Amino acid sequence: MRAMRILAIETSCDETAVALLETGGDVQTATFDIRGNALYSQAKKHAAFGGVYPSLAKREHAANLVPLLDGALNEAHLSIPTTQTLSEEQKEYLEKLLEREPELYSALVRFAEANDTPKIDAIAVTQGPGLEPALWVGVNFARSLAYLWNLPIIPVNHLEGHMIASVVEATEKEQMFAITEVPFPVLGLILSGGHTEFVLAESWGNYSSVGGTRDDSIGEAFDKVARLLGIPYPGGPGLSKLAQEGRDLLKTKPVHHTKGLKQLPRPMAQSGDCDFSFSGIKTAVLYQVQALGDLTKEQRMLVAAEFEEAVSDVVLKKTRLALEQTNAKTFVVGGGVSANTYIRKRLEKLFSEEYADLTLRLPDASLSTDNAVMIGMAGYFMHLRKAPTVDHSHELRASGTMKMHE
Ligand code: KG4
Ligand code: ZN
């Protein structure tokens, strides 16, 4: 298979990302050379709002896409500086496409007048799911580039991106990833800020739903509980650190130390299906915090530890159930919360003790939270299975609720 260069764009939430991948091989032998990878996390800007503020996310994407594109192309040594003028017709077309993002339009025209068409074969862009206003910016930007450079667009599902990112591994060559052996059926578990769901893959592209959350996602639970404990958005990593301190404390101090602290619920642990519910854990923490008033540092550490224990108990319980129901041979975990050290450790223990004949795949740390590399990887997999591409004239729609399965 001839190497294919993919430009990938991700704007589904609060990370703006553009990557340039040199891909090759078939489904069993695929390789991904990350030649350019530019990412801007808006998280700090959203922290003041306690969570992602959609119109701010959209504005930030619009302001950052062109500089990131420039950065990714430069890093990949694919920029071709020039001086040229776009025709009135070209400008009109782009202006129409980007009519809601006038600032992005101007930046793109300046960029296009200073850079010649790079040697790229396709543009992969996140179509959904995610925050719709944020997704639209990426989709319309992809259409604009597809028009300027006459390239096909591969519309990618963000969750498939998380799945594929978990089945590749770093190679000896720096920035080069390769597909691992993935026996089917594959059971995927997406643990992210927007989603918590099991997906069964009979083959790549052939997906069905096994279960999912009925209310909050696991990432939302981490972020909301973190906030209750005074950790700013996105609180997942900070809460996890506090929880580890709590576990260390429990090893050295007697159990009566937890006096006044209640066990948290394990919602739906006994429901017998593969669905989740996380809002009850968050509410239980809220009551706990209200009952105790100002928490001491030690109390905060212990609440965090109990929270992480409760969510990982539920994840393990449901994982066992989903594995039994699906007879999966591979279990793939993806999404931001799959970066959580404690959940990773418990899953690794579960697999080595009870499912040693199955394969567990967790993402490389650099690919677990949102990024454009995973969108390029999923785009390449779609290309390999001959999924239809679209051209710039196609009214490609962003979809906040896009599903991986029909
Ligand atoms: O996949 P992701 O980057 O964005 C979505 O697609 O939603 O996931 C972001 C989520 C946030 O809720 C963040 O707090 C959480 O992942 N997260 C973590 C950790 N790292 C990121 N949660 C727990 N422990 C972590 N180490
Ligand atoms: Zn994500």
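Start with Gln175, in the loop between β6 (168–170) and β7. Helices here are DSSP runs of H or I with at least four residues, strands are runs of E with at least two, and both are numbered from the N terminus. Gln175 is not a glycine, yet has a positive phi of about 65 degrees.

A word on the source. This is a predicted model, with local features needing pLDDT of at least 70 and side-chain atom pairs pLDDT 80 or more, while totals for chains, interfaces and linings use all residues. Residues are numbered from 1 along each chain as its sequence is written, chains are lettered from A and ligands numbered from 1 in written order, and side-chain values use heavy atoms, without hydrogens and water.

Next, two cis peptide bonds. Gly128 to Pro129 is cis, omega near -10 degrees. Pro129 sits in the loop between β4 (122–128) and α5 (132–149). Phe184 to Pro185 is also cis, omega near 0 degrees. Pro185 is in the loop between β7 (176–179) and β8 (186–191).

Now the ligand. Around ligand 1 there are 18 residues, counted when a heavy atom lies within 4 Å of the ligand. Gly193, Gly194, Asp223, Gly336 and Asp370 come nearest. By class, the shell has 5 nonpolar, 11 polar and 2 charged residues. Note that Gly counts as polar here, and that charged means Asp, Glu, Lys and Arg.

Which elements give two or more residues to the shell around ligand 1? They are α6 (158–165), α7 (218–228) and α8 (236–252). α7 gives the most, with 3 residues.

Polar contacts next, meaning N or O pairs within 3.5 Å. A ligand 1 oxygen is 3.1 Å from a side-chain N or O atom of His162. Another entry is Gly193, with a polar backbone atom 2.9 Å from a ligand 1 oxygen. For Gly194, a backbone N or O atom lies 2.9 Å from a ligand 1 oxygen. Taken alone, ligand 1 exposes 560 Å², and the protein buries 90% of that; areas are Shrake-Rupley with a 1.4 Å probe.

Technical notes
A polar contact is a pair of N or O atoms within 3.5 Å; within protein, one must be able to donate a hydrogen and the other to accept it, and residues adjacent in sequence count only if both atoms are side-chain atoms.
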